[in-house]
Amino acid sequence: MNSIIRHMPDATALQPDFRSAMRQLVGGVSVITVGRGDDVTGMTVSSLASLSIEPPSVIVSLNRNASSWPILQRERVFGANLLAADQIGVAERFSGKGGLRGAERFAGAEWRKHVTGVPLLVGALAALDCEVEEIIERHSHGIVIGRVVHVEVAPQAAALAYWHGGYVHVDRDADIARLGPLGGADPQDVP
């Protein structure tokens with residue numbers, strides 16, 4: 001396997017290579033929802049991760065130029081909706097495809113409100129209702145630490161992931177079955 005190693009002192013020159021490198025990282029697709037009432041919006045991200053189990057908390061990196069940013073800063077609550085493989089349409093609406101903005105992005109899906117009042121996606125693999133604990137602003141993004149105050153988990157389904165600039169399905173049982181002849185693994189044997 002050939003790899004290219006480049007040392008570039010200019011950060012601007014490094015950006016295309018850095019973007020290519022980050023496209024190698026497979027990320028789960030989530031929709032972050034913010035706001036309450038009619039003043040709601042959200043965005044599609046692949047940067048959501050668990051931070052701590054005690055207390056339950058997550059971390060997400062959000063672009064400070066996004067329309068969601070000022071609402072998040074003002075309201076200090078958000079929903080983190082982990083998308084199932086069949087929710088590509090939701091991911092695309094919240095990524096801004098078709099020019100949808102604000103409350104328009106919520107059309108075509110069912111939403112519920114719980115502790116904080118932010119919309120949580122019905123049918124998501126998991127939906128987390130979160131209060132902002134801290135925001136660390138660095139460069140173009142804000143690192144948001146959210147304390148989870150409510151959790152909904154759906155029955156197991158295939159997950160939606162993002163890799164090489166496109167959406168991919170991750171189905172534990174189907175993927176293990178396909179790999180079984182190669183690795184000898186039985187889906188029942190894998191935790």
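In this predicted model, the side chains of E133 and R147 pair up in a salt bridge, with N and O 2.6 Å apart. E133 sits in strand β9 and R147 in strand β10, so this pair ties together parts that are 14 residues apart in sequence.

The structure has six salt bridges, and here are three of them.

| Pair | N to O distance |
|---|---|
| E133 and R147 | 2.6 Å |
| R74 and D39 | 2.5 Å |
| K97 and E92 | 3.6 Å |

R74 counts as partly exposed at 49%, as does D39 at 37% and E92 at 27%.

Now for the inside. The largest nonpolar core has 20 residues, and I32, V58, V60, L62, L72, F78 and V144 touch the most other members. Several elements give two or more residues to this core, including β2, β3, α2 and β10. Strand β9 gives the most, with four residues.

Take I32 as an example: beyond its neighbours within four places in sequence, I32 is in contact with T41, G42, M43, V45, V60, L62, F78, G79 and A80. Apart from this core lies another one, of twelve residues, among them W111, L121, A124 and L160.

Technical notes: Residues are numbered from 1 along each chain as its sequence is written. This is a predicted model: local features need pLDDT of at least 70, side-chain atom pairs count only at pLDDT 80 or more; totals for chains, interfaces and linings use all residues. Side-chain values use heavy atoms; hydrogens and water are left out. A nonpolar core is a set of buried Ala, Val, Leu, Ile, Met, Phe, Trp, Tyr and Cys residues joined through side-chain atoms within 4.5 Å. Buried means under 20% relative accessible area, exposed over 50%, partly exposed in between (1.4 Å probe, protein chains only). Contact means heavy atoms within 4.5 Å. A salt bridge is a side-chain nitrogen of Lys or Arg within 4 Å of a carboxyl oxygen of Asp or Glu.
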